[in-house]
Amino acid sequence: MTLTLPTPASPLKIGTRGSPLALAQAHETRARLMAAFDLVEDAFEICVIQTSGDNRQLIDADRPLKEIGNKGLFTKEIEEALLSGGIDIAVHSMKDMPTVQPEGLILDCYLPREDVRDAFVSLKYAGIADLPKGATVGTSSLRRRAQLLNTRPDLNVVEFRGNVQTRLKKLGNDVADATFLAMAGLNRLGLDVPKHAIEVDDLLPAVAQGAIGIERRQDDTRAQTMLDAIHNTQTGQRLAAERAFLMTLDGSCETPIGALAVLNGEQIHLRSEILRPDGSEKMCEEGIAPISEGAELGRALGERLLAAAPKDFFDWRN
């Protein structure tokens, strides 16, 4: 079958959120497709789609995500445009993605993974250990909140939403003394901010943190062929394990879960943890398996934690 490549007259439409980071990820996707098929920039059209999670009033009010929805907040409108044919592919931050896609859509292309670590960001302090008792830390992540309170229950943790620029502005306005951002986002934006990378041994990252995923219609063979050319196998192998773990626990934005898969030769090592939202308890599991059995490993670790957790541990997700 002859592959009909996009042209300036009939461009491939790339759907994305409108934040600076989302646009940077869409531009990276475009650049990789341009290089893979020797295409000009005008052969692609980047289509900005506002999602429910991008509502300016909700961001400014620092409304918790659990009050207004779940991970679908950042994908629903984009996936509707993909299903309707308004766009051809959709670029996502994988840590925002539900583990199940709508019928007719598939997510099987991942770009090389960036730095998976969280960054401690503050205009006043160098790291978590430097925060005085009672200091205010802002985060919209239930995982980061729970992890922080697990080690520093003396801190005051408040809701803190918005993109990188919005959060830095809030720090400047003394809404909080510190916050957390993903190192991957800061690197992709090329931002020089007062940050300190937190090692994964100290703060296990979110499932799929640092990874970009590209979604397409399941029956779109042209998109499939083009995306196959830029797919990073290693990222896919790592995410297969992490997302299988998340799916087993039915994870959402209301779920304090961390997980990280690392490849070592022909094997994959998966570390995972679940926490109570108030940080009062943390449970961990890890394991090693052949790379081909990464998803099975993720499911096994999730099932172990479900079996070992106290009966009331998951009351908060009901």
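In which loop is D38 found? D38 lies in the loop that joins helix 1 (20-37) to strand 2 (44-48). The model is predicted, with local features requiring pLDDT of at least 70 and side-chain atom pairs counting only at pLDDT 80 or more, while totals for chains, interfaces and linings use all residues. Residues are numbered from 1 along each chain as its sequence is written, and side-chain values use heavy atoms, with hydrogens and water left out.

View 1. Phi of D38 is near 55 degrees, a positive value in a residue other than glycine. D38 is exposed, at a relative accessible area of 71% (exposed means over 50%, buried under 20%, and partly exposed in between, with a 1.4 Å probe and protein chains only). D174, also not a glycine, has a positive phi of about 60 degrees. D174 belongs to the loop between helix 6 (164-172) and strand 8 (178-182), and is exposed at 53%. Helices (H or I, at least four residues) and strands (E, at least two) are DSSP runs, numbered from the N terminus.

View 2. Five strands form an open sheet of mixed pairing in the order 2-1-3-10-4; two strands pair if DSSP finds at least two bridges between them. Strand 2 and strand 4 stand at the edges with a single partner strand each, so one side of each has no neighbour in the sheet. Strand 1 (residues 12-16) pairs with strand 2 in the parallel sense over five bridges, and T16 has V48 of strand 2 as its bridge partner. Helix 1 lies across strand 1, strand 2, strand 3 (89-93) and strand 10 (212-217), running at about 165 degrees to strand 2. Contact means heavy atoms within 4.5 Å; axes are lines fitted to C-alpha atoms, for helices over the stretch in contact, and angles run from 0 to 180 degrees between N-to-C directions.

**View 3. The nonpolar cores.** The largest nonpolar core has 27 residues, and those with the most contacts inside it are M94, F245, I257, L270 and I274. Such a core is a set of buried Ala, Val, Leu, Ile, Met, Phe, Trp, Tyr and Cys residues joined through side-chain atoms within 4.5 Å. Helix 9 gives the largest share of this core, four residues. Apart from it lies another core of 18 residues, including L12, I14, I214 and L227.

**View 4. Cysteines.** The structure holds zero disulfides (cysteine sulfur pairs within 2.5 Å). The sulfur of C47 is 18 Å from the closest cysteine sulfur, in C109, too far for a bond.
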